[in-house]
Amino acid sequence: MCGVVTMNIPIIQTSLIKFGQLWDKNISDLIYKVVEKLDLTDVDAAFVANVYHHATGEELHIDNTACINEEGASGAMALRQAAASIMSGQCKCAIVLGVEKATDLTGTHLNNISSLPTEEKSQGATVSSQFALMAQKYMHEYGIKPADLASVASLNHKNAMQNPYAQFASELSAEAILQSPMVADPIHTLECAPHSDGAAAVVMCHPDSASSYKVQGHFTASLIATDYENTAQRASLTSLDATKKCAKQISMKISKAEVYDIYPISELLAVEDLGFAKKGEAWGFIKKNKDMINASGGLKACGHAVAATGVRQAIDVLSRLKASEHGLTHSLAGTGRLSVVNIFKK
Amino acid sequence: MISIPYAWRNNRSALAGSFCNACKLTWYPSSKACPACRNSTNPVELSGKGTIVSITTVHESSMPFMLAIIKLDEGPQVTAQIVDTPAAAIGSKVVACLRRMQSDGAQGIIQYGIKFRGV
């Protein structure tokens, strides 16, 4: 069963650091920076998402603190846990903080700690290789070309040119992407979302105390579903069951979506599995709906500060919603062992 | 270093799977309980024959290598390296073979495991 939480949690403050290679900042510096403009007076609980350094959030001095590590879905999971905690009465006002210091680690280290079963890791599999296997199968079934995949990443860079918080707010042509070194065929280096440093935070309160604050939007539903960690054991290589199970629970019209484009193929699968486009038609849909899908520039151009990404997506989708519109964020752990879909409205 | 799964150390020359009498499903990697129904399973030796479902070349190591998802004739799928078969593609028939996986330096233990090659 897909885990559903529905509610109407007011989001009362947001804060975002532009992701990047922030050599002069450590984890604590990133946390201090992202919370410096927030008023934490009423905050009585913290949900700290971090993957690579077991960050404790001690900088916040909040006793009721929970740490969350669900890889790329950490930030989204922290939002969900904070909302559930508020609804249960465990706290009245919660900060959700996603923080990551990825540039301290080498690619080899990142590959070793990534969520793949031993059977796959011992064959040399990486997160990139497993998404490449999905991309190869997708190209074979639907006639999509490597240039189309590169165009997905290129479009995200174009979208990011309007976003002052994007790590790469510059054009990047599909041709340039195709000339970059191969990671795992057909995924080129410039099609991978970068491992970034960064932090993002939101503060949420109980619906009953909303009138005490300036409400920026509402967190209305959270859906999660799981699948086999082992890519080979999954029912399909051209869709992710975890995302499909979440999508079945979405009951409202979605106007904006921030989806998990760690590679172009993961964006295409998300757009189809979330029910926006039919199988094989995601790229056509994205081209026609540039304002709807990853208008921020996505992970590719905003940067991927892993545990901060789910919180960054929430801030981005909220900032683009008009009155009464609903928007969603979608993120994955590993190669699709977990999908978290959070839904917001203005 | 990534450790090699115990099932491969116990059964080096063949693929060790498991069969669930309740579901009538064969599983790989082997598991004492059926991943679908959690009933206990019986060990079964797989033929090692299969067909490539998807294949890529991975460039993230010093030597590029081919990695595929293979559907075994008995049903389950496995992620494994493809060797000695430069023309391998989706649909190619392959068979399991014992190959060197990694070694712990020049003096260290050499670990062996299963890869696949064209038929």
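1. A salt bridge here is a side-chain nitrogen of Lys or Arg within 4 Å of a carboxyl oxygen of Asp or Glu. The model is predicted, so local features need pLDDT of at least 70 and side-chain atom pairs count only at pLDDT 80 or more, while totals for chains, interfaces and linings use all residues. Residues are numbered from 1 along each chain as its sequence is written, chains are lettered from A in the order in which they are written, and side-chain values use heavy atoms, leaving out hydrogens and water.

2. A:Asp261 sits in the loop between β9 (254-258) and α9 (264-273) of chain A. Helices (H or I, at least four residues) and strands (E, at least two) are DSSP runs, numbered from the N terminus. The side chains of A:Asp261 and A:Asn156 make a polar contact at 3.0 Å. That term means a pair of N or O atoms within 3.5 Å; within protein, one must be able to donate a hydrogen and the other to accept it, and residues adjacent in sequence count only if both atoms are side-chain atoms.

3. Chain B has one helix and eight strands, in the order α-β-β-β-β-β-β-β-β from the N terminus. Of its 119 residues, 44% are buried.

4. Between chain B and chain A there are zero salt bridges and ten residue pairs in polar contact (both at pLDDT 80 or more). On the side of chain B that touches chain A, β4(B) gives the most, with six residues.

Terms used
Buried < 20%, exposed > 50% of the residue type's maximum accessible area, 1.4 Å probe, protein only.
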